[in-house]
Amino acid sequence: MLEMTSGSVRDPLRDDARTYLAEFEARLASPPPALTRAARPIASYADRVAAASDLMRVLYDEGWARYGWPVEAGGLGGTIVHRAAMWEALARHGLPQMALFEHLEILAPTLVALGRPEFVARVLPRFLRGEQRWCQGFSEPDAGSDLAALRTRAVPVDGGHRVTGRKIWTSWARYATWCLVLARTGTPESRHRGLTAFVVDLRAPEVEVRPIEQANGTDELAEVTFDGAFVPPAGTVGEVGGGWKVAMHILAHERGTFAWFRHSFLRRQLLDALAHGGAAADGLLGGALLDLAAVRAVSNDALGRHASGATLGPRSAFSKLLLATAEQSVNDWAYASDPDLAVGIQDDHAAVRRQDYLFSRIVTVYGGSQQMQLDTIAKQILRLP
């Protein structure tokens, strides 16, 4: 176990990500049983969540998962480079995916940057330790990808706000404790200027979560209904009326730096499938490797920009496009290498590979469609009419 040094002036692991990585690799030379369990193919999503949560508890208790997060928020200091190094090392040692802890790299940076410090210091450590999980309530049945048209409302009441409305396609809501909800606090005509971000406790009696079974058989998605759910002032993220800024901060991570984390596990997925590959699919394999290399180069740049305090802005659209292409390339090759994947035996190994392939068909939609990313590049980077 690491010696916790949050109060010390000098911490070699915090001050140098390479030292951190070397020490973490040494730790993984004798992998904790929780990593061995989480590295197995697990078809049941509920069991996968439990295994991932157990691993997070071990990584937090030993200190590794606290690096890369501010001390005042319960971390041990360092930058996103520490987090990138930790998850890539875990993938290298067999972990197949982050599961619902992908939200650590999508939501937590925004909570740290724009959330109420006392609230963040209370909830982030429990997120990092796998005790409490989070989801993101953006999409709505009648708004689709047009965030500025959302209808979920939040009205001021004594001591806070009450949130009423419906969210859909909410990833991991079934397993989450908290939901970061984008709600309308202004008029419908105010569009994106009338939005505010709130953290809603999904355990509240005014909240109903209905899981949605996906085509790949998992229940990762859900519909969430809020019927006057109360949010105290501590649960407001950013300013009232500043929800668009919060949303853009989240999407910059989901479309930008997250590509590094995802590509590490796509590479793991590709390496695990190599034994099934035949010469006939070598062309697809080469394409998948090149696509992964492109994601690695672009997302490495995004990590560096974030670590130096720069904002990613519209450039994150490049990462999102390249990541979607790479994810489909890896799975196209996996399917071409093993056509029996579609109808093969139903053990956990085959089931997970089938889930991965089917999930890869939707990656050009979630987090902003491929067309939206191209539109962003055309208008905001190339300045096309």
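## A buried glutamine in a loop

Gln 214 touches Glu 220, Leu 221, Phe 359 and Ile 362, leaving aside residues up to four places away in sequence; contact means heavy atoms within 4.5 Å. Gln 214 sits in the loop between β6 (207-212) and β7 (221-231). Gln 214 is buried, at a relative accessible area of 13%. Buried means under 20% relative accessible area, with a 1.4 Å probe and protein chains only.

## Basis of the model

This is a predicted model: local features need pLDDT of at least 70, side-chain atom pairs count only at pLDDT 80 or more, and totals for chains, interfaces and linings use all residues. Residues are numbered from 1 along each chain as its sequence is written, and side-chain values use heavy atoms, with hydrogens and water left out.

## α5 against α8

Helix α5 (residues 80-92) packs on helix α8 (residues 243-273) at about 15°, with axes 8 Å apart. Helices are DSSP runs (H or I, at least four residues) and strands likewise (E, at least two), numbered from the N terminus. Axes are lines fitted to C-alpha atoms, for helices over the stretch in contact, and angles run from 0 to 180 degrees between N-to-C directions. α5 and α8 are therefore roughly parallel. Angles under 35 degrees count as roughly parallel, over 145 as roughly antiparallel, 65 to 115 as roughly perpendicular and the rest as oblique.

From α5, the contact residues include Trp 87 and Glu 88; from α8, they include Trp 260 and Phe 261. The contact divides into 7 nonpolar, 2 polar and 4 charged residues. Here Ala, Val, Leu, Ile, Met, Phe, Trp, Tyr, Cys and Pro are nonpolar, Asp, Glu, Lys and Arg charged, and the others, Gly among them, polar.

## α8 against α9

α8 also packs with helix α9 (residues 282-307), at about 140° and with axes 8 Å apart. α8 and α9 are therefore oblique to each other. Among the contact residues are Trp 260 and Phe 261 of α8 and Leu 292 and Val 295 of α9. By class, this contact has 12 nonpolar, 7 polar and 2 charged residues.

## Nonpolar cores

The largest nonpolar core has 84 residues; Leu 59, Met 86, Trp 87, Leu 90, Trp 134 and Phe 261 touch the most other members. Such a core is a set of buried Ala, Val, Leu, Ile, Met, Phe, Trp, Tyr and Cys residues joined through side-chain atoms within 4.5 Å. α8 gives the largest share, 12 residues. Another core, of 18 residues, lies apart from it and includes Cys 135 and Cys 179.

Met 86 touches Tyr 20, Phe 24, Leu 59, Trp 64 and Ala 65, not counting residues up to four places away in sequence.

Definitions and conventions
Buried < 20%, exposed > 50% of the residue type's maximum accessible area, 1.4 Å probe, protein only.
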